Each structure stands twice: as structure tokens, then as C-alpha cells.
Amino acid sequence: MRTRTRTRSRTLALAAATALAATGLTLPLAATANASEPTEPAPVKSDFDGDGYADLAVGVPSGTVDGKAKAGYVSVVFGGEGGPGSSNVRRITQATVEVPGTPETGDRFGSAVTTAYIDDDRYADLVIGAPGEDIDAKADAGSVTVLYGTGDGFATANTAARGDAAGAAYGNALVAADFTGDTDVDLAIGGKDKVVYNAHPLVATTQPLMGTHMGGRAPVLTTGDFNSDGRPELAVAYYTQNQPYTQSHVQLFRYMKDEYRFGLTWSSDNSAANALAVGDFNGDGLDDLALGNCREIADENIDDPCGPEEIAKGGGIHIHYGGGDEPVWKGQTLNQDTPGVPGVAEKGDDFGNALAVADIDGDGKDDLIAGAPGEAIGSAARAGSVTVLKGGAQGILNAEGAASAVAYQQNSPGIPGTAEAGDAFGTALDTADHNGDGRPDLSVGAPGENKAAGGVWNLPSVTTDDSPVTAVTPNSLGLPASSDALAYGSVLAR
């Protein structure tokens, strides 16, 4: 097996020209590739069938399967020239032939989904968490399934993790990367009050990574090479409140080869984040760590980890910039009251509750995409919005502390639909090249759409009307009725 290392696209452009013109943010087309770059193209992210188009995987943990409420499934919408949904769709459940297990009430299969190239082929593989899965007599022990891509969509599958105790909830968070440096993909798996890892996803053998009180919530996970050694570390965010004490952390863990275990290398005490994202926002070649909807939870304030308290209003974003060995402690903090950021910071906006990263304009500096699912659009409470924050020489903010940004919502020109109360547009985000033009598109989940049936909007990577923004919904995909609201778009594979 071998790992496909992450490559950052330098050529994303979002949405329609009419929407861009209204903001004054110019997004040029693709830059010319450097002649010194490798000629062999990197594999397309999330391309399960190897056709050159990235595919969209949506977790639907509340979906009913064979009459079992909240058994859950994953909706795979294959990419094509017209974007997701233009070619084929698959519904993956524990009743699918290739998938181990049986659909049972409360399994919540699809609560977390990620993709990786785990086996040695050109097809992306799908990793699925089911934190409500019962293992033997252990209720809600949780499990993780790897479903392998192939030319016609998917082939075999295996179980990569089984919870070790009742309520362990393995699979409520997932990331994949080569942490150990052996060129094989490893999995970091969030459970209740713990994170474990599997260095050999072909078998269900896990080892402890870290364990602490997390208030029963799923930890937030991402990866980045923060010490610039060519091997990724694991970033974990979590918090508790009064159980049995209040604490909050964003921490980095590095696999220590000589000790055959993960060790804590950096900690931002007292900060809590609902989302994490990694990018090179100032173009210095170092990974930076963005904390979305960052706020202080702990009883004491000893280090002001999310910046000034007033900037956390409505959901603040704090960015720790790469320092060559570990992230720089004092970075940049912004919210919707920051100059250049559209909107106004209001309680409940949840600005930064979802994050994604891509280099939109191909200038060599990553841009940060932030969801605000609680944003009111006019009188429509919690209609939601998405903001694209441009990276620059100083990072996301310039020397004067201002941002260059553009916001999108369902009332924006070229975006189908209407901003309605409770849509929660921007709840989940991802970027991938679904239409095969060589540039990633932005996928935006709106799980509250149409009375919580939900949907996912695909903003293509062009600045013309030739490739309009499209949406996929349970109705358009012909998904079966469910005894619980599907909330389609609440979970997107990363």
C-alpha cells in the first residue's frame, strides 16, 4: 500500500461571474504549471471509480434502512462533466453486499466519512464510521468500515475498527494520513472521550492515541505537517463543561517512531474549536492551523488562545501560522466585524463552524472558506452563508488587520434556491474537482433545506455561466423516505 500525499490546487475559482462582480474580488483562471513540477498527475481526490472526476460522498446517519430508524447510510454521487449527479449515484448501507454487518436501529452508519487511497491502486477508498454499532454485547461500541473503490464504483470492504467497550462510539470522527511514515495510510478514529489509531486498515486492530474527558462529544480532527519533517501530525480539538470539570484544548500529536506511539507536541489550552483546517495562507511553505468558531471554554483565561473575547462574537476564527517546528502562538483572529469580512457578527451565527481550504486564485497562497450555518439572511433566521477569505502575504488578514472576502448564500446571484429559515447553508464544506476541469469545486451542505430533507450545493470552478451552480437533494436523487429527517448535507467526506 502507499499513501498519496496531499497536493494543494492553485487554481480554484468559485461560483458565477455575476456573484463575483458584486464583490470586487477577482478570481483569475488557472496559472501555468511550473515546468519543474512532476508530469505525472496526482490522483484525483475522492475518485472512487477512476474516471478522472472526483465523487461526492454524503453521510446520512439519520437515514432509515430496511425499516431500521437511524441505521444510516452513505450517499455517493459520482462526478462528471456536469458535476455531481450528472452520471451515477449509489446508496451504501450495511445491507450493501460488499459491506460487513447488518443495518440496525441507531447504528448511525455514515456519522463520519473520509476518503483515502488505502490500497495500491488508482481508485479512492471510502472510510465510514458507525458510532452506534453494537459489537457483540457491547451497545454503541462503534465500528469503522473501509469500502474499496474499483472501476465500477466499489468492490470489497472490511472492518477497520471495532469499539472495545459499550458506549465507546468508535467512528464518530475520522481522518486518514501516513502518520507513521511507512508510506501506508493510517486512520485516526474518534470515540467517546478517546482517539485511537489503526496503522493497518486492512484489519481491525487499533491502538490508543489519546484519551481524556471530551464531554461525550466527537473530537474534531485534521492533519498537517506542522514541524516540516515531511510527515503529518494529528490535530485534535475538544472540550468539556462541568463533567467533571471544565477544560478545552486544541492539541497536536506526532507519531514517535522510536517509541512506536503518538506523543503530545503542542497544546493551545483553554481554546475550543468546532472546526479545524490546514493550509498555507501566507505562502511561506509552512502549514498553518485554522480554528473555526473558536472560543474560550475553560474556567480561567491564562493565555487568550482565541484572541480578544470580542472577536469571538458570532463565531471567531483564529489562525496559528506555521513556525517551522510548531505553530506560532500569536496568529490572527477575525469574525464578521473584522474589516473586509461581509456581514455583522451576531450571536448564533456560528461563523467558522465548518472550514475548508483551497487556493482560489492560483497565487500560491491558500484561501480559507468558512461556513456560518446560523447566519440570518434578511428575516430568515439560520438560513446560513459561506465566506471565502483570501490568503495574502501576511495571511488571511493584511498588515492593517483587514480581510479580502466574498460571501455566498442562497439569495446570491447564480445560487439556486431561496434563503429560508433553518436551511443552515454552510453546515458542512468540502473541495474537490467534480467536473474534471482540473480545478476543485466547493461543496456546501444545507441539511435544513426543505424541512430538514437537506441538500448539497456544488459551486463549480469557473467564472462564467457555462458551468452553473447545481444542487443535489434527496428528492433529485430518489432517496427513500425515512422515519427521521435525512438532514442530507450535514456530513460530507473530507
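Which side chain does a polar contact of 3.2 Å join to that of Asn-293? The partner is Asp-350, the two side chains being joined by a polar contact of 3.2 Å, where a polar contact is a pair of N or O atoms within 3.5 Å, one of which, within protein, must be able to donate a hydrogen and the other to accept it, and residues adjacent in sequence count only if both atoms are side-chain atoms. This is a predicted model, in which local features need pLDDT of at least 70 and side-chain atom pairs count only at pLDDT 80 or more, while totals for chains, interfaces and linings use all residues. Residues are numbered from 1 along each chain as its sequence is written, and side-chain values use heavy atoms, with hydrogens and water left out.

Asn-293 belongs to strand β18 (residues 288–296), strands being DSSP runs of E with at least two residues and helices runs of H or I with at least four, numbered from the N terminus. With 6% relative accessibility, Asn-293 counts as buried (under 20% relative accessible area, with exposed over 50% and partly exposed in between, for a 1.4 Å probe and protein chains only). Leaving aside residues up to four places away in sequence, Asn-293 touches, among others, Ala-272, Asn-274, Gly-315 and Phe-351, contact meaning heavy atoms within 4.5 Å.

The whole structure holds eight aromatic pairs, counted when the ring centres of Phe, Tyr or Trp (its six-membered ring) lie within 6.5 Å, with planes under 30 degrees apart called stacked, over 60 edge-to-face and the rest tilted. Two of the pairs are set out here.

| Pair | Centre distance | Plane angle | Class |
|---|---|---|---|
| Phe-48 and Phe-154 | 5.1 Å | 40 degrees | tilted |
| Tyr-197 and Phe-262 | 4.8 Å | 70 degrees | edge-to-face |

Phe-48, in the loop between α1 (17–21) and β1, and Phe-154, in strand β7 (residues 153–162), are 106 residues apart, and their pair links distant parts of the chain. Phe-48 is buried at a relative accessible area of 0%, and Phe-154 is buried at 4%. Tyr-197 is buried at 2% relative accessibility and Phe-262 at a relative accessible area of 5%; together with Phe-179 and Tyr-255, these two residues form one aromatic cluster.
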